[in-house]
Every structure is written in structure tokens, then in C-alpha cells.
Amino acid sequence: MTTVRQWFKTKGWTPQAFQKECWKAYGEGKNGMLHAPTGSGKTFALWGGILQEALKTKKNPVGIQALWITPLRALAVEIQQATQRMTSELHPDLNIVLRTGDTSQSERAKQKRKPSFGLVTTPESLHVLLSAKDHSKSFQHLKVIVVDEWHELLGSKRGVQVELALAYLRTIIPDLKVWGISATLGNKELAREILLGPTANYTVIEAKIQKKIKVHSLLPKTMERFPWRGHLGTHLLPQVLKIVQKNKSTLIFTNTRAQCEIWFHRLLEAAPELAGSIAMHHGSIDKKIRLWVEDSLRNESLKVVVCTSSLDLGVDFSPVENCIQIGSPKGVGRFIQRAGRSGHQPKAGSTIYFLPTHAMELIESVALQNGIKTQQIEDRIPYLNCYDVLIQFLMTLAVGSGFDPKKIFPIVKATFCFQTLDQERWQWILNFLIRGSQSLQHYDEYKKLIPTEHGLFKVANKGIALRHRLSMGTIVSGNDLKIRYRKGGYLGSIEEWFIAKLKPGDTFAFSGKTLELIRIQKMEVIVKKSKAKQAKIPAWMGGRMSFSAHLSDLLKKALFEDQHKTTREFQSLLPVFEQQKKESIVPKPDELLIERFETKEGFHTVFYPFEGHAIHEAMASLMAYRISLLNPISFSMSFNDYGFELLSDQAFSPDDFLDNMLFTQDRLFEDLAKSINISEMARRRFRDIAVISGLVFQGYPNKPIKSKHLQSGSQLFFEVFKEYEPDNLLYQQAVEETFDHGMERGRMQLVFEELEQKTIVWKNCSQPTPFSFPLITDRIRSKLSSETVEDRIKKMYLQLEKAAP
Amino acid sequence: MITIEIHTNQFVLHPSGGIYWKEKQTWLLADVHLGKVAHFRKNGIAVPRKAAGSFYQKMEVLLPLFPVQRILFLGDLFHSFQNNEWYLFEAWVKQQRFKMILITGNHDVIPNWKFEALGLQVESALEEALFHFTHFPDQQTPKFVFCGHVHPGVTLSGVGKQRLKLPCFFQSPNQLILPAFGAFTGLHILKPKTEDHIYVLTGKEVLEIKEKLF
């Protein structure tokens, strides 16, 4: 019997089948992918194999041998503790250490002097390690890299970071083993291929743990009072309180940080006795406070935690009895993951309460339940051609040991992300880094990288190296300011644009407290506690999630097929459906409903394809663009997972619209590309790209003045590229990303094919319908106009936004 | 172009962001930020080089419009420390026949003697007739103030939730803030009060934004 198995036995545990499979496969020298849900014992499944191998060798292992990559710092802490516990009992000489953005300078120096057996880190910190001059020496003994929660990284640019680092390390250490751990996802094959590379020496292991998930919709007592929109859902507070009070512990998931703050306040207001046993957890709250919340959850000293996706992953909280999801979880996969946070002991079932924030979300609840039943889990779409991440990676190598372009090119091309990179674009990227664009001009003093005599490309000077080191990492935080009490003590961070709207003396809610702004100094917001009743709730920017394709299919199915079933959800929707039918219709599967009505805001034209937010955003700007070709007109657009709205100051005629077949597939992508350019959807994408590629420099810590002459917003960059250098690959990347990730290019064609089969039903309504309500009240909007600015002003369509007198 | 009258003097507001003072045959230009693109590029940030040339192109359009005796730069003529842009500017200055005055701004870190050697007059502020010229806004002086520094812009909104941000000439009862003349400079959005007059730059025209009558 192996040592690891004996250890399990002394603990009184029986290894699960997938754990035994992992140990065996690892012992055979395989690469692999393990699909297992959180809390199933997946850490021991892999660490057991790694440790077993180390125990076989007589000599003590030297150098870093195992690298464990996790997406979250909180998770890294957890993994480090778990692996260290196991290791200490079996091989007391070996250490596992943490290396994240939170690791202190002295600790980093210590790790360098005396490398430990295992290192738990994040993708960003791994790149920081690669920026060291002697990184190939520090990694020479490396045997294995484990990438945890790969499904989470895969659909993000941090996944590209992992791909590049792996491809690079494989060339330094040819027999490097790679293992991935991932929750179930739709495109398993692809996920494995991207992580493990072209090797044939791999195995895929599936943890067959089927947890029972019970979904329970929370319904208001009387449906008449059900809001058509109101993204808070706080009208259901009494029911939430009842669940909280009945159970030992509850996690409340919200979709945004602002919603998290609001729910926390409302709960405490309604039940002051919760003080002391209620806490909040989201990404902007200070690390120390977050760690405290996580610990308190573990030792059962908290009754309820209001959180965002910051608690989606990893971190085992066995005591949580219940989860409540507020508003749409946007995908079956995420919903299952969140439900899985409760009843964590293997085999215990999970219960999740779904709290709809508006009527339409009740249909979604039915859809989600069907999705769980049939285990329809979403794909994660990997990124392609992320020039911004590549440029950052090349800079990372250039500030350290330097790189030889001839040797690096095949490494980059070996990744999934850059598989189609050709010599021409590669040369463009090198030129961008050396010359700042394509042609060297007289007078130009561009400096970033310089080729050295040995053919290596290195960074031109210390200032550029320093700025790169300070801004490494793919996750983009806007201009965040730290919040601090006057007498010391950090609370977290907040985006600059929100704080800029406040005057000293104003109060705002943060981290569950009411704070008064005293002043802003040196990138810090100085506050004191306030007793004020009224406080502004900060909002955080950040992308809005779209329905997955699966969920929109499920939703259509629920709406079209289950509508007449007597489920609780549809029963309580009856009054809403009745009102909808009074003004308009509930569309049948072969119908596309379009509603038109007028309010004092203008003319609303609302479309209901039920295809998810992303598709609707693209469709909205495509429709707006095609209509604007018929006549000069200006649109403001909103979209959600059910449909989209075109709002205009003049009414375009239904006949014009219908006669011109604006839903045609002809020139679909050409028109889409034009509408992206005009509506500037790409502009938002460019924000991240500008930061990642190092165009936007966020300033030196504590030295805001000195860098001022180098500060400029991504918007300004977007404009100058658009005007002066439209062939810039970074600018084009923004457009491509809008196609692939903003609007799911692959699905678009299919959606239009289906649309052409449908009958268009145009309804003129006397007032807004229940279906339209969430759309027309949405304040986040895109614009598209074919009128000139001069005309719009002369026609008095636009007037000044004035200060309050 | 729009001509406005202040203290019986005629001022032409040009879509480029410059103001022509008829009585004195003088162009007022604020926040040119020469060398900004070069400064970014020198520090490894690849702003398109073409964005740098726009000052000279704009001047080629402006100068033939009216007889010119003087140009008054209202501060932030150069963005940062000296770089190669200086030689382009030097060459351009040598070709001109009129007088140039620089009122220094917070970005003007190039020593005064360098400008003076080129024949520019350098001042921290200037008073002439009933007017006060400075880089920073100044509501204290009794005279009417022309200034820059702010890069003013306004938000326009309208029916159908339309919104648009545009640079503008921002005129309050005793002061007029010029928009930034340079490219790659950005906007600072201001909220006007009832007594303010706003002239936006659309790219092609200057338009006064009037109140809706209904």
C-alpha cells in the first residue's frame, strides 16, 4: 500500500475512485485533466500523486518541483494550507509556499534564496517570476504544473497568460508534466487540448459525484405587487430573512458589488439582531477583511454572508447550509457551481433558492431547473490572437533575461491562442515594440525594446522596465483608489469615477459601513464612520454577463412549452402574462415579436428574439445601422437576455422596416463590422487592451505627480488609433474581440437563419408592456447615429446638461 | 465660425479651438501640448506619430484667414521636457513673421530663455485693454479673463436618451475658457450654470447651444 493511501487510512477516509485513478496516472508519468467539482477532494487527488513521487526518491528534492496555479489569491491560501498539512505529515522536510501579489518583498527574497518544494501562485505572479533574469535556473528542477479551476481561466485573457507561460516553460523543461483541474464544462475536449498541448501521453479523469440540487423559486405572496423591473429584488426581503433565520448559515449570491452592498444594508436594517453574524464579501473589499470572512465561515461564527462571484470558487466551507441566488445567474454552469457551495459534505444534497428580481426571471428559474436536470453545461470560449497579452509577455521576458525573436516565435505559435499567427503579424508586433509602429521616421525618439549584439531583445531603459513591472497582470482594475480611515486601517478600493462625484462631507456605503468622505490624498480616499441614514451606493464598472446559448435555448423552451403547465412559477406569472396579452402578445415559437410605443422619452421599438444579451447587443446595433441607412436618425439602444430596444426621437415607419427585409443574412458580417465601428462597441473592449499592452500607465504607487505627463485614458488612445492608425493590430483586436466574445460570431449566423423562418409580428401598443419594462428602464445604453452632430444640435435634439442652480 | 463681442471688442471663435481678436489682429491658442506624442513615444508608449503633426496643419488653415500680427499662447504650449518636437517648432517659428507671446502654464517646464532665444516673449500673465490673459482660470480679477488649462467640454443630451460629449468655448460672465488646441489632449466635462454661454466644436463648425424654448 502506498504511503498516501496509508495516510488516508489513518485519517479514517476511504479514497474515492477518481483519487485513486489520479495517483495511478500520475505515477505512470502521464499528463492529465481532472474534472471534479469543488469540495470533492480534488486537491488531494493531485497532491497525493506529486507527494508519492517525491517520497520514492531517496535524496531530498531540491529546487521548486511543483507549481500550483489558481485563479484567486484566496484560493491560493487555501491550497497552500491543505497541501502543507498533508505534506508535513508525510514528508516533514518539504515546504509549500505562497507567491501572490500579496507576498511581501522580504518573503519573496527568502523564497529566492531558499526555494521550497511546492509553490502556489496565480497566473500574474507566475509571469512576475518569469520576468526575473535567472528564471530558467529557478525552474530547472520543476517537474509538474497543476492548473486549478481551469474552466474559470479558460474563457479569460488570464487563460492566455497560462498558455504562454506553459509553452515557454515546456521549452526550458522538456519533460514537464501538466495537470489541469476543472469543473464540468461543455467543451471538455478543447479545454484539455489547450492546456496539455499536443501530447498524446495524457489521461482524462472524471469524478462521478452527482449532487442532488434542489432549486426553489422565491415568489411574492401577491403577484400584483411583483415589479416588472427593479434590479434589487428587496421586495422579497421578508422571505430571505425567514430562510436566514431558519438555517445555521446562508450564502447570498448577488451579481454585482453594488447589489451586494445594498442587500447587506437592507438585511441589517430589517433585522438589527444580525449585527455581528452577518458579513459581506466582494472583490473590492480589503484582503484582510475578506480572509476574516472566509475564516469565520469555516468556523461557523457567521450566520449569513452576502457575496458576489468572489466566493464562487474553491475554498471549502462545509458548514454552509443554504444558498440564495439573487437575480439571474446567467448560466447553468455558474448556477450549479453556486448551488454546490451548500451541503458540501460529499453526498449531501444542495439547496439553492432563486430570487427573481423581475417577472421575466421567473421563466428563467424554470429554464435553469430544466438545465440542471439535463446537465446542459456551457462552453467556455477561449480567446484567440490576444496581441495585448502577447506584447505584455514579450515585455516581461525583455525586462528580465531578454528574448530571441527567432526562438520565441515557435513557442508563441505553439499555443492555441496564437496558432494562426503568421510572420507578417509577428513582425508587426516586433516593430511595434522596437519602433512604435511600422516605419522609422526622422526625428522619432521612440524607445521601448532594443536588440542587443547577441540577438536578444531587451528593454531600453530602467524607467520602461519599472513601468512594466508595476503594471503587469492581465486583470484590469480601473483607476482604483484605496479607502482608508483617517486614523489608519484599509477598507478596500473604489473606482475613481465614483469618488470623483462626491464632495467632502458626502456619505457613501462601503463594506457594510456608512462612510463620510474627508478628502482624497495621494490615491487614497480618507474617510470616517458616519451615522447618516442616507448614503450613496457605489457602483463598479465591469462587464455585464450574458446568457449562455444553452440558457437562452432553455429559456425559449420554458417559455414556449411550459407556459401552460401549472408550476408555481407560471402560476404566479399569470397576471403578468394577462397584462402582456392585453397590450400585445406572448410570442409563439415561430414568431418574432416587435412592439412599438411612445413615451415622453421618445419612440420605443422593442424586439424579442430571446437569444441572450450578447447576440442582442450585436443585433441592436445591426438593426440600428440598417435603419439609419434608410433615413438620418439617431438611436439609443438597450439590451438584455430577452430582447433589445431601439429608442429614437423620430418614429421610423414599420412599413419601411418590414419592406426592406432588414433581417436578411446578406452582407451580415460586413454590416456588423460597420455597425461596430459606428456604435463603438469596440471602444469598451479597447479599455482592457490598452492597459494590458502597456499603453495606459496607471502611475507609480505614491507618486501620482511624477507620472502625470505620461497619463492618458484608453479612450484617447482609441480615438488616435482610429483616426491615424486603423491598421494597428491592437485596434483591430478590439473589433475582433467584439465579434468573438462580445457577440459570439459563431452563433450569429445560426440565429439569423432561424429568424428568416419566423413570422414578424409588429404590435403598436398604447403603453409599455411587461416584457418591455426591464429594457426601457435600463440606463446602460449604446448609441448609433447617422445624423451629423451639427444637425442634431441645430434641430435642438440635444441640450446642455446643466448644474443644479 | 461665430463672432462674439466682449467690451466692444470682436472675437471670432474658430472650429479649431482658436480665437481671433479682430481689433488686435491676434490669435489666442490654449493648451497646444506640443511634444506630447513624442514624450509618450520616448517613454515606450506607441501613440501614432501622425497624431503629432496636427498643430502645423491646423496653423496652415488658420493663418491665411485673417491678417495676423500676434499669436498669444495661453499656456501648456509644450507638454513636457524638451524632445525632438522642439526642433520642428523652432523651424516653424523661424518661418513666421508675426510676434509670439507665451503665457506659461503648469506643463511648461522648458526654461524661459529657450523660448526667448527663439524670439518669443514669455510672461506669467498679461493685461491688455480691458482683458486679462492667463493660463489658469481666475475669477478674482476685475478684468475679463481669457484662459485655458481646463480643456473644457460639455455633455449634451436629448430626447431618446441621446448623449454627446463635445469640446467647447466656455464663457461665464467675466471669463472665457478656451478648448485645448492640441490633438491627443482629452476633455474635462463641465456643468454650465444658467448665466454661462456655451459654444461647442463639432469638428466642422462652432455652434452656440441655446435653451429649448418649450
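**Reading helix packing and a sheet**

Author: Let's start with a helix pair: the axes of α16(A) and α19 (residues 462-470) of chain A come within 10 Å and cross at roughly 125°. This is a predicted model, where local features need pLDDT of at least 70 and side-chain atom pairs count only at pLDDT 80 or more. Residues are numbered from 1 along each chain, and chains are lettered from A.

Reader: How is the angle between α16(A) and α19(A) classed?

Author: Two packed helices are described by the angle between their axes and the distance between the axes. Angles run from 0 to 180 degrees between N-to-C directions, with axes fitted to C-alpha atoms. Under 35 degrees counts as roughly parallel, over 145 as roughly antiparallel, 65 to 115 as roughly perpendicular and the rest as oblique. α16(A) and α19(A) are therefore oblique to each other.

Reader: Which residues make the contact?

Author: Contact means heavy atoms within 4.5 Å. On α16(A) they are A:Gln392, A:Met395, A:Thr396 and A:Val399, and α19(A) brings A:Ile464, A:Ala465, A:His468 and A:Arg469.

Reader: What is the strand order in the open sheet of chain B?

Author: Strands of a sheet pair through backbone hydrogen bonds, either parallel or antiparallel. Here, seven strands run in the order β1-β2-β3-β4-β5-β6-β7 (chain B), with mixed pairing; two strands pair if DSSP finds at least two bridges between them. β1 (2-6) and β7 (121-123) of chain B are at the edges with a single partner strand each, so one side of each lacks a neighbour in the sheet. From one strand to the next, the twist averages 25°.

Reader: In which sense do β6(B) and β7(B) pair?

Author: They pair in the parallel sense, over three bridges, and B:Ile101 stands opposite B:Gln121 in β7(B).

Notes:
Heavy atoms only, no water. Helix = DSSP H or I, 4+ residues; strand = E, 2+ residues; numbered from the N terminus.
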